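Student: Could we go through this structure together, beginning with the ligand site and then turning to the aromatic rings?

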Amino acid sequence: MQHFSINNLGDPFIESNYGVHSRQFEVGVLDWFACLWELEKNEYWGYITNCGTEGNLHGILVGREVFPDGILYASKESHYSVFKAARMYRMGCVKVETLISGEIDCADFEKKLMQNKDKPAIINVNIGTTVKGAVDDLDLVIKTLEGCGFKDRFYIHCDGALFGLMMPFVKRAPKVSFKKPIGSVSVSGHKFVGCPMPCGVQITRLEHINALSSNVEYLASRDATIMGSRNGHAPIFLWYTLNRKGYCGFQKEVQKCLRNAHYLKDRLKEAGIGAMLNELSSTVVFERPKDEEFVRRWQLACEGNIAHVVVMPNVTIEKLDSFLSELVQMRSGWYGEEKGKPPCIAKDVGTDNCLCGSHDK
Ligand SMILES: *Cc1c(COP(=O)(O)O)cnc(C)c1O
């Protein structure tokens, strides 16, 4: 299919005049996700985006169209694309504090809501933050909104770029579902699903789209997407993967990732290296390795004194073992009596998880 220029421009549900498309596959994938997040076929709208960012840009735009004078609330550990959306749409934006886990701090959220009671609220809820893999407590966010008198005056976009497809398979996780008062959910296709090209899935309520979209004669379709031309190969890859792995296949992979992440966290701590793993997450946060070459070769992402490993289905125990043994061996040369102590990461991961011996004040 590399021989064809497959382009799904326009609304996936409305024929366009461009014939070389993969809309049937796209709609098949969308149906699967709508079902996963519990929205009826005739009540949802969505499309396959070019990445997770485009899903966030779309979800927040829908929120802004529903509440034109709404204020955007997002925890400070939200992905940078959320704050980019606020700048692009010139929206008022309030950053909310986080707990040590990386989850949104609903006590601070409540305080900030009460300072802006006259304006509706548009909230970005993280289903897995980028750095710590923290899952915001959706139910507590909704309760906080209702408790502050925002009933029917809020719009929730769920940024599930990272774990949107994992959470449905984790028993203790707060459920992401359109049976709750949420407006949209997005997920990246090249992260957990492993699509070879960047892509994503965006699902929202059809009623919102009917209100905001316009018809475009040139396309003979409806303009409701952020981008124009859209990758027509991505839906085929996604459709193929969903059908090959199936619900049970994903469930097994999620369980494997969570097990392997626990293994990594436990081995790090056994080796005296500070590490944290959120309960609902496969992202292991640990002390930043001192050697830049080590960081580059293992493709670690770092922020301040911490680094993380996102344990995805391709990460095996063997790979983790070779990573661990190399890290432990190299680290013994980084610190010592003359060379100084490893960094204190208590303020990033909590005093229980930091193993530096004497935490900074
Ligand atoms: C990766 C990520 C995004 C953005 O996804 P892209 O596909 O890189 O645009 C958004 N939010 C979170 C939480 C992410 O981890």
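Student: Which residues come nearest to the ligand?

Tutor: Of the 13 residues around the ligand, Gly52, Thr53, Asp159, His190 and Lys191 come nearest; a residue counts as near if one of its heavy atoms lies within 4 Å of the molecule. The model is predicted, so local features need pLDDT of at least 70 and side-chain atom pairs pLDDT 80 or more, while totals for chains, interfaces and linings use all residues. Residues are numbered from 1 along each chain as its sequence is written, and side-chain values use heavy atoms, without hydrogens and water.

Student: What lies 2.6 Å from a nitrogen atom of the ligand?

Tutor: That is a polar side-chain atom of Asp159, a polar contact in the sense of a pair of N or O atoms within 3.5 Å. An oxygen atom of the ligand lies 2.7 Å from a polar backbone atom of Gly52, and an oxygen atom of the ligand is 3.1 Å from a side-chain N or O atom of Ser188.

Student: How much of the ligand's accessible area does the protein cover?

Tutor: The protein covers 88% of the 380 Å² that the ligand has on its own, by the Shrake-Rupley method with a 1.4 Å probe.

Student: Which helix gives the most to the shell?

Tutor: Helix 2 (residues 52-66) does, with three residues; helices are DSSP runs of H or I with at least four residues, and strands are runs of E with at least two.

Student: Now the rings. How many aromatic pairs are there?

Tutor: The structure holds 16, where rings of Phe, Tyr and Trp (its six-membered ring) pair if their centres lie within 6.5 Å; planes under 30 degrees apart count as stacked, over 60 as edge-to-face and the rest as tilted. The centres of Phe169 and Phe250 are 6.5 Å apart and their planes meet at 20°, so this pair is stacked.

Student: Where in the chain are those two?

Tutor: Phe169 is in the loop between strand 5 (154-159) and strand 6 (184-188), and Phe250 is in helix 7 (residues 233-270), 81 residues apart. Both Phe169 and Phe250 are buried, meaning under 20% relative accessible area, with exposed over 50% and partly exposed in between (1.4 Å probe, protein chains only).

Student: And what is the geometry of Trp298 and Phe323?

Tutor: They form an edge-to-face pair, 5.1 Å centre to centre with 75° between the planes. Trp298 is partly exposed, at 24% relative accessible area, whereas Phe323 counts as buried at 4%.

Methods. A polar contact is a pair of N or O atoms within 3.5 Å; within protein, one must be able to donate a hydrogen and the other to accept it, and residues adjacent in sequence count only if both atoms are side-chain atoms.
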